Amino acid sequence: MLKYLSRYKRECVCAPLFKMLEAVFDLLVPLVVASIIDAGIGAGSAGHVWRMGGVLILLGVVGLASAITAQYFAARAATGFAADVRHDLFRHLASLSFSDMDRLGASTMITRMTSDVNQAQTGVNMTLRLFLRSPVVVLGAMIMAFAIDVRCALIFVTAIALLFAVVIAIMAINIPMMKGVQRQLEEVLGATRDNLSGARVIRAFRREDAEYDAFVARNRALAARQRRAGGVSALMNPLTYAVVNAAVILLVRRGAIRVELGILTRGQVVALYNYMSQILVELIKLANLTVTMNKGWASWKRVEDVLNLEPAMDESGRATEAAPGIAAAVTFDHATLTYPGGAGPALTDVSFAAMPGQTVGIIGGTGSGKSSVAGLIPRFYDVTGGRVLVKGRDVREYAPEALRSMIGMVLQRAVLFKGTIRDNLRWGKPDATEDELLAAAKAAQALDVLEAKGGLDAMLEQGGGNLSGGQRQRLTIARALVRRPEILILDDSASALDMATDARLRQAIAELDYRPTVFIISQRTASIMGADVILVLDEGRLVGKGTHAELLETCDIYREIYESQFRKEDAR
Amino acid sequence: MKGILGNAGTLRKVLDHIGRYRWLVLLSLVLAAGTVLLTLAVPILVGRAIDQIVGAGQVRFDRILPILGQIAACVAATALMQWVMNVVNNRVTFDVVRDIREEAMARIEILPLSYLDSHPHGDIVSRVVADADAFADGLLMGFTQLFTGALTILFTLGFMFTQNDWITLVVVCVTPLSLFVARFIATRTHAMFARQAETRGEQTAFIDEMVGNLKVVKAYGREAAALESFDGINERLRDCAMKATFFSSITNPATRFVNSVVYALVALAGALAVMASGGAMTVGALTAFLAYANQYTKPFNEISGVVTELQNAVTCAERLFELIEAEPQAPDAPDAQPLANVEGRVEMDDVCFSYTRDRRLIEHFSLKVAPGQRVAIVGPTGCGKTTLINLLMRFYDPDGGVIRVEGRDSLSIPRKSLRAAYGMVLQDTWLKPGTIRENLAMGNPDATEDEIVAAAKAAHAHGFIRRLPQGYDTVIGEDGGMLSQGQKQLLCIARVMLILPPMLILDEATSSIDTRTELKIQSAFTRMMQGRTSFIVAHRLSTIREADVILVMRDGHIVEQGSHDELLARNGFYAELYNSQFAGVAI
């Protein structure tokens, strides 16, 4: 935190300083009033009263000026701090490895960047503004009291200690209770969301009444918790009010005795009374500030945890060129992969080589490791054993950008971004020409998508929301083709296409003039049975490798999959 | 109040909801009035006590002590009343929110699915959760504050006029200045806040998109480009956040300044009055005046905040009532008889349906399904296959024509009885947060352990469930948590296996299960479908080839209808779809 605030040293020093100045001017007010009473009224000097009235207004003006200055610096520091943190967070998140992202989860990352940073910003702002003011007023009032009269000041000391005790005790009891309320509220929120997203299932299973009862139970528990927490915080105002006014009573009594003895003047008693009122106001502000600070600090801690996350992947490789004289485009050399936190290896001892221009089909059941093979080639994850080579060089030796720029990767989940179709396709190649974009779209069977949406300049909503699943998939394939990749990986990325389109797509890819090495991952035998090599995976192990005809002979699992989709008599 | 609280209709509904607690609200108001009165009395009493302290040897202790006793009594009473008032307010607030939430949820359970499908869930959730809170908080707190504020101003004015007209006039004339200053600043900052909110929204959308899909960003090496776009928005946000924060934070010092001017004027005018009055106006009264000058201005400073809060509360109330009063689905007819002895005879007679008026979907569709028949629905994605399911389950009702079950118009059957006749496995594998066991027993909460395990085994889910940390007692979080899509689908199948109703609806039921597991389930499915009328939606032609009737859908219309062989012989759209499965061999 200090690292970020140190960029705003001037602001961080000036804001509290000017705030303190304002507090000091506030503290002078009761003294001036005392002087009006004693030296003005007491001595019958109207001139003095006028002068002191002027001083009061002057104090107000100076206070206003310093307060505004303080607010300015505080706002600058807080918003600047937040902007810097957001910048660093974004850069940091983009530098994380895939396994880090899996562990964090997208919604966590988004909350850290938005509400947590905002919360921290408010915390910094309020802290800079109030952190010095309130203690200065409280302490200052006490010091002023001491300056006026030590014996009366002792009442101040006791009252302040008592007030602190009351405020801290109530907050100490209340904060955990409020956390409980928050948790219960999240449960109510979750129950509401479930009743909406599961409406069909709930109604199909006729569970409306049971779900309603479950909701009511949670909702009532929330109300009960809120009432209990509210019961504690309801004590705050009455107790602080009672303490301050008890102190006032003692003050007037002690003051009366001291005036009788000629030690104090009446004006001074009034000043003491005024200081006591000021303390109450500031103390309540201080209590609220502590809550804001707490929230802000907790948010900052969460942000910091993310910022301190070391990327799990060493990306120091700098090679950009293939190793000389090596024939294979992609080689897996006894590759083993265990995901961080994974129970067992996702891939075990997988070896194969894909020659340039070959089409490799990968097939296997759910969780058999198909996508893991795909993820190792552009080095989304690092092997935990063995090696993965692209064009003869270990992927860890490449600069990550250089490696990934050779590969056109189409992920399982078809993701597009807000912007025109042109912008989206240019992700593949930022300077692609109109012809290149159209050629890629044609091969990806996406020309009719362009037609339906109104050409390359049609706007896509966030996530490609205005497209159907199949349209999205074809555009993501086009995006990968725009860069004319040497290696094209289609990770189950035609699942939403009907079979006729799927077949035309495979035909077009087979006819690409730059002959990329193609990996097709699919659950459909039809999609991969024309491949040069088919890899059959089962529970992370390579259990079959060969052409369709070979595997039908040699690989039981392959045959089983095939026959589940084509009955024997159809397999002509 | 009219302008603040929106239209009279909303106000009446709000009062309806608070009506149950009217005695508590009344009590709260009485306590508030009492608190204000006593709070104002204390400075007067202190002032009187101070008047008895004139100077050395001129202190009237015999008068001071009773006054101090009175102050103590006032303070004790105030503290007590404040506490009771807080407790009462809490109670009313939390109970009103609780009532409203329950009402909203009761409505959600009977809203037609067309409402739920067409309204973003996040929006409904925020109405039930955030708006309910804001409504109760804002309304009750805002109202109490407004009430005590108004009382404070009135009582203070009353007292001040009894003491000294001129000083009071000074206070009355100058104080509203703070109101104008606050207003002035608020209108100026409003535009800046709007821009901040807009930029923040833009940034959140960008973050949501980029961070949510970081893997794609990295796969295409777009980190730097994304950071650059991000910084563009970020710098704009820094700038307008700075302006909004700064200008809005001027409000406090500015109103405080007006207050100190009032304070100074009261001190000045008061001191001159004490000197000129010759005893009619005392130093103690001046002290009380000064305390009042602070107290009197406070409600003025808060008033614009209170008004915003009330307006916000009314907006939230309107959003809530919109949900609570949304048209529910047509209730079951009072004389509706539940289905008995369902064999599985379904008939669609000249059914017409569309989601929106301008796009006709299903037109004059007729179909007769005999008990035990298997109906397959095929067609490209987005052709409207799930629409048929919506109609069968009565998630939606047809615009024209009749759907009959066992010869009875389905509109004349209670929804629950109709739905109990179907077992449904949807593409969207929704599981409720809870244990695996609870999820499996959803259709029959009284199922025995043996029945549950048997169902899980039949769905080939027993194996992976047993391997989970706590087996059947494993708690799955929201959205299925750590389960894979395929595992979730197996659970959905097991859920239906447990109840085995006379009719089945399987929507893409095996789309995320790999073909080997699917093969295993297939036998279970076949067993389950034996003697049961079933409606199956699937992409894979192999799973539906054995259907008795195949409905071929395209663009929402049913274009062909018949058995596999008939349809192949017809050489139409179905034949095209079917043959395309083999086109891949050419590569």
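A: Handedness first: a crossing is right-handed if the near helix is turned clockwise from the far one by less than a right angle, and left-handed if anticlockwise. Bear in mind that this is a predicted model, where local features need pLDDT of at least 70, side-chain atom pairs count only at pLDDT 80 or more, and totals for chains, interfaces and linings use all residues. As for labels, residues are numbered from 1 along each chain as its sequence is written, while chains are lettered from A and ligands numbered from 1 in the order in which they are written.

Now for the part itself. Helix α9 of chain A (residues 208-233) packs against helix α3 of chain B (residues 61-110); helices here are DSSP runs of H or I with at least four residues, strands are runs of E with at least two, and both are numbered from the N terminus. The angle is about 165 degrees and the axes are 10 Å apart, with axes being lines fitted to C-alpha atoms over the stretch in contact and angles running from 0 to 180 degrees between N-to-C directions. That's why α9(A) and α3(B) count as roughly antiparallel, the label for angles over 145 degrees. The crossing of α9(A) past α3(B) is right-handed.

Who does the touching? On the α9(A) side it's A:E208, A:Y212, A:F215, A:V216, A:N219, A:R220, A:A223, A:Q226, A:R227, A:G230 and A:G231. From α3(B) come B:V87, B:N90, B:R91, B:F94, B:D95, B:R98, B:R101, B:E102, B:M105, B:A106 and B:E109. Contact means C-beta atoms, placed from the backbone, within 7 Å. By type, the residues of this helix pair's contact split into nine charged, eight nonpolar and five polar (nonpolar is Ala, Val, Leu, Ile, Met, Phe, Trp, Tyr, Cys and Pro; charged is Asp, Glu, Lys and Arg; the others, Gly among them, are polar).

Zooming out, the contact between the chains takes 130 residues from chain A and 123 residues from chain B. On chain A's side, the top contributor is helix α3 of chain A (residues 46-95), with 26 residues. That side of chain A divides into 68 nonpolar, 41 polar and 21 charged residues.

One bit of context for chain A: it is divided into domain 1 (2-307) and domain 2 (354-383 + 395-570), with bounds from an automatic or database domain assignment. The centres of these two domains of chain A, taken over C-alpha atoms, are 57 Å apart.

Technical notes. Angles under 35 degrees count as roughly parallel, over 145 as roughly antiparallel, 65 to 115 as roughly perpendicular and the rest as oblique. Two residues are in contact if their C-beta atoms, placed from the backbone, lie within 7 Å.
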